[in-house]
Amino acid sequence: MSLVLVVEDDDAILRGLHDNLRRERYDVITASEGDKGYELAIQRKPDLVILDLMLPVMNGLEICRKLRADGFQSPIIMLTARGEESDRVLGLDLGADDYVSKPFSIRELLARVRAFLRRANTEAALPGELRFDEIAVDFRRYEAHKRGKPVELTRKEFAVLRMLAAKAGQAVSREDLLNEVWGEGNFVTTRTVDTHVGALRAKIEDNPSQPRRLVTIHGVGYKLITS
């Protein structure tokens, strides 16, 4: 049974999330203060975290930053009453996997929880490493090297590359990449996939303008060629 951590300082929202998640047959632990939520995440290692942005003692952005710095890899869904794009972008840049603005539909939030946990349960089917030419990637440790030198990839870039590596030699559509990496119901577009693939090319291809390994399949998406 999956363990979900909810960190929320509004008692009514916290109770509602707890009760609805329990009805979905998840184990649920909760905290109403940021520092307590951070401690629970480190100690209990939940399979998913629902994290409010505005929290006492330690805010959600700081919790997210610290958890990712500590190597915490489970999905994080941010909740906020602040809908500004800058807040969403900052949360995602700090390692959040999704962003839900209050007031939200509990059915939609539960659907996102199911999608993230379903994806996490298939994680074992994805490759743990990738090697070709002078590129070496360890997806579990989030480490990449080119000619022995570290290559800095974002979490989303690792995820895109891992999905392509899982189907090496096959075309993967932009829509499939978008749904698998960002989740169904996300607010980003396929253009976001193109941006991340472009960033990956700049980091792993010798000539990004004429890629040999991460190639475009026109009208479909992308293909990773490793041999």
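Colleague: Is Asp206 buried or exposed?

Modeller: Buried means under 20% relative accessible area, exposed over 50%, and partly exposed in between, with a 1.4 Å probe and protein chains only. Asp206 has 57% relative accessibility, so Asp206 counts as exposed. This is a predicted model, where local features need pLDDT of at least 70, side-chain atom pairs count only at pLDDT 80 or more, and totals for chains, interfaces and linings use all residues. Residues are numbered from 1 along each chain as its sequence is written, and side-chain values use heavy atoms, leaving out hydrogens and water.

Colleague: Which side chain meets Asp206 in a salt bridge?

Modeller: A salt bridge is a side-chain nitrogen of Lys or Arg within 4 Å of a carboxyl oxygen of Asp or Glu. For Asp206 the partner is Lys146, at 3.1 Å from N to O. Lys146, at 16% relative accessibility, counts as buried. Salt bridges with shared partners join Glu134, Lys146, Arg147 and Asp206 into one network.

Colleague: How many salt bridges does this rule give?

Modeller: The count is 18. One of them pairs Asp98 with Arg112, with the closest N and O atoms 3.1 Å apart. Helices (H or I, at least four residues) and strands (E, at least two) are DSSP runs, numbered from the N terminus. Asp98 lies in strand E5 (residues 98–101) and Arg112 in helix H5 (residues 106–121), so this pair ties together parts 14 residues apart in sequence.

Colleague: Are Asp98 and Arg112 buried or exposed?

Modeller: Asp98 is buried at 3% relative accessibility, and Arg112 is buried with a relative accessible area of 10%.
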